[in-house]
Each structure stands twice: as C-alpha cells, then as structure tokens.
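Have a look at the model first.

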Amino acid sequence: MKLKVKLKLQAPLAVTAKKATSAHTAGLEFVPGTTWRGALAQAYLDQLGQPDARFRDWFTSGQLIFSDLVLGDENGPSSPIPMTAVTCKRFGGFKADERDRGQQAHGVMDILIPEIISKLTGQGPSAPIGKTYRYCPAPGCEERLEPLAGWYLRSQAGYRQLEVEKVIRAGTAIDSYTGTVRRGVLFSSDCLQEGQFLYGSISYRSKASQATEPISLSQVLEDMARTLVFKGSSIHIGRAVSRGLGSCRVETVSLEKEELAPGNTVPDRCRRFNQEIAKRARLTEDQRLFSLTLQSRLIIVDAFLRYQVGISSSYLEKALDLPVGSIRPVFKAVRPVGVSGWNSAWGLPKEDELALAPGSVFAYQVDLGAAQVGEDELYARLALLEQEGIGERKAEGFGRVTVCDA
C-alpha cells in the first residue's frame with residue numbers, strides 16, 4: 001500500500017542544497033524525503049503531544065518510506081529529465097512546449113539506445129548512428145545537440161518541461177547586543193514560489209525488519225491519513241517556518257495499492273528495450289540488457305564505506321543475487337552531488353555525504369547463461385529492485401530507480 005499526497009504551497013518554501021558558505025544559499029527544486037518526514041514528525045508533536053508508541057511506529061521504526069516531494073502541475077507530478085536527453089542548441093525544448101509558450105522548439109531525443117548500440121557494435125562517434133544524435137535532425141537546422149536538464153511532465157499532448165518558479169528571499173543579521181540590524185551582514189536564499197504543487201508518497205517496506213515488533217503497516221498508513229495527513233490539513237516544511245515560510249495545504253490524499261498499469265510492468269519495458277536494441281545490433285540468445293534511471297538521489301558505499309560515483313556491476317550482482325561476472329556495465333551518464341542536512345533532535349548539522357543526482361542513467365548487459373537464470377526470473381528480480389530501491393537511506397527517499405524507463 002502507498003499513501004499518496006498532493007500539497008499546494010501557501011508560502012515560499014526553502015530547502016537548502018548544501019551548507020551556506022556565502023551570503024547566498026542555493027535551494028533544491030524538490031523536498032527531500034528526510035525533510036518531508038521531519039515536517040510530519042514535527043506536525044505530530046505539535047498536534048498530538050509527546051513521542052509515544054505510535055510516533056515510533058510512524059517515524060523511528062524504519063519501516064515507513066518517505067519519498068521526495070517533487071513539483072508538478074494540477075494533473076500530476078514531474079520526473080527528472082534523464083541525463084541522456086538532448087535537444088537543439090538553438091531551438092531547444094519539447095514539441096508541446098512550442099505550442100504552450102509560442103516559441104519554436106525542435107523537440108527532445110534520448111541518446112541511451114544509440115549509445116548502447118554504438119558500444120555493442122564497436123562503432124565510433126563518426127558512425128552514422130553517432131552523427132544522427134550529434135546534430136539537430138530538424139529540416140534546415142544543423143545546430144549541435146546539447147543536454148537538457150530539469151523536470152518533465154507527461155500529458156496527452158506529449159512531454160512538457162516543468163517551469164520551476166523561484167523567488168529569492170533576503171534578510172539581515174540582528175546584533176545580539178543592540179537588537180537592531182547588524183551592518184554589513186546581508187544574506188539571501190532561493191525559495192520555491194507559492195502556488196505550486198508538490199507530490200509525494202509514504203509507503204512501507206515489503207520485508208519487515210526483524211529488529212522491531214510486528215505492526216500492521218497498512219493500518220499505520222490509514223491511521224496517518226486519518227489523523228495527520230488529511231485533506232485540508234496544514235504542514236510546515238523546510239527552513240524558516242517560524243518566519244512564515246514553508247506553509248503547505250494538503251489538497252488530496254489517497255491510499256492505493258502499488259500496481260503498474262498493463263504494458264508498463266518491468267518485464268514489458270525490458271522486452272521493448274531489448275527489441276529496440278536488437279533492431280540495430282545483434283544480440284545472442286543469452287544476452288539481455290537493461291537500464292536504470294534514478295528518480296531520486298542515490299548514496300552507494302563500498303565495503304570500506306567509501307562513497308561510489310556509480311553503480312558497479314558487483315553491487316548489482318549482489319543486489320540481484322546473481323553470480324560474479326554475470327553483469328557487465330555498458331554505459332553511464334552520471335553527476336555527483338553533495339547531500340547536507342540538519343538533525344533537529346540533536347540540534348546539529350548532519351555529516352555531508354556524496355550522492356548521485358536524479359536523472360543519472362546506467363545501462364548493463366547480462367549473460368543469462370553465466371547468471372544461471374531465465375529471462376522471466378531476471379525481470380522479476382529487476383522488478384523487486386525497482387520496488388525496494390537501492391543504496392543507503394531508502395527510508396528517506398533515496399535510491400528510487402526505474403528499470404528501462406520508457
């Protein structure tokens with residue numbers, strides 16, 4: 001079961017991307033799951049009193065997963081644009097944006113499958129398939145293609161890019177002795193503008209931890225929707241809530257089963273993915289490929305707790321319970337980002353960590369013979385990987401991936 005929520009910003013919302021090192025603090029374009037969980041925990045304490053057994057079940061048992069809150073429009077949430085997306089340097093953007101904004105746009109393409117085919121066939125960047133995805137294919141346009149970043153929305157009209165509305169809030173420091181403005185100390189921070197919509201969810205782990213007492217997790221979500229996250233309730237999220245920032249109103253709440261639409265299951269997506277590659281590259285009977293697209297930040301550490309800038313084949317072999325040497329990396333487009341935070345209980349900043357940014361893309365090749373599994377079993381394990389997530393701090397929204405994203 002999954003508790004899905006839709007929030008509307010009633011005031012600007014500030015969530016910093018990292019610790020302040022200058023007068024201006026950059027902000028995130030989403031609300032991390034750890035911030036969302038902390039806001040709900042504070043709302044519980046404000047409305048229902050001191051921490052009790054129910055509070056521990058909700059926020060400290062580690063059984064509930066709080067996703068990131070991502071921006072969207074009135075119809076639904078957005079998704080991070082994959083780092084394999086490219087668009088015309090001169091007339092960039094989705095075709096649907098051309099109709100909505102009145103600006104010429106030559107569309108957006110994804111270079112993941114061409115890159116995979118190029119690697120499998122041994123073709124270089126000068127090969128015909130490489131040239132096709134280096135220059136804009138629009139008639140009469142020979143501009144170079146460049147990466148497109150941001151967030152996109154799906155609709156009946158096609159893909160659209162989300163316009164994130166931001167505002168800069170400025171302030172001054174107060175002198176502790178005089179109680180007046182301290183000269184020469186001006187600071188500012190990025191905020192998400194009010195009136196925008198946020199979407200997120202709360203779910204529970206399919207494999208309950210043996211370290212905690214058994215609880216009815218579906219009942220926990222129902223109780224939460226009834227007493228804390230109900231339609232019309234107000235929740236304060238992010239920084240400076242005592243100064244009027246971060247006020248959100250719950251617009252809709254729904255408790256749904258986690259089911260994928262027919263034709264959009266992981267096996268369906270994987271088969272279509274391999275069929276597209278097989279049109280241009282010959283695959284052996286035991287050869288299967290799959291991709292992973294990050295929908296949230298991902299933290300991966302090795303056996304010595306060193307942060308990794310990628311998802312190694314050995315990590316995936318362990319996560320999918322496959323023999324060593326059965327997975328080979330084929331392609332990746334990745335960007336590392338820093339992760340900061342604040343522990344309200346301790347009143348101290350959290351340790352900085354290194355993560356992979358949302359939209360990062362990885363592709364791998366599996367030898368079914370070496371893996372000693374059939375095609376259906378491989379896709380079943382990938383489906384479980386997509387459901388459970390990977391990496392560290394999954395309960396805080398990290399490590400959400402999509403297998404063979406359409």
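Two strands count as paired if DSSP finds at least two bridges between them, and the strands themselves are DSSP runs (E, at least two residues; helices are H or I, at least four), numbered from the N terminus. With that in hand, take Leu153: its bridge partner in S12 is Arg160. Four bridges join S11 (residues 151-155) to S12, and the two run antiparallel. They belong to an open sheet of three strands in the order S7-S11-S12. S7 (79-80) and S12 (158-161) sit at the edges with a single partner strand each, so one side of each has no neighbour in the sheet.

A word on the ground rules: this is a predicted model, where local features need pLDDT of at least 70 and side-chain atom pairs count only at pLDDT 80 or more, while totals for chains, interfaces and linings use all residues. Residues are numbered from 1 along each chain as its sequence is written, and side-chain values use heavy atoms, leaving out hydrogens and water.

Now for the cores. A nonpolar core is a set of buried Ala, Val, Leu, Ile, Met, Phe, Trp, Tyr and Cys residues joined through side-chain atoms within 4.5 Å; buried means under 20% relative accessible area, with a 1.4 Å probe and protein chains only. The largest has 39 residues, of which Phe290, Ile311 and Leu382 touch the most other members. S24 gives the most to this core, five residues. A second, separate core of 38 residues includes Leu153 and Phe59.

Zooming out, the chain has ten helices and 25 strands, and 44% of its 406 residues are buried.

Terms used: Buried means under 20% relative accessible area, exposed over 50%, partly exposed in between (1.4 Å probe, protein chains only).
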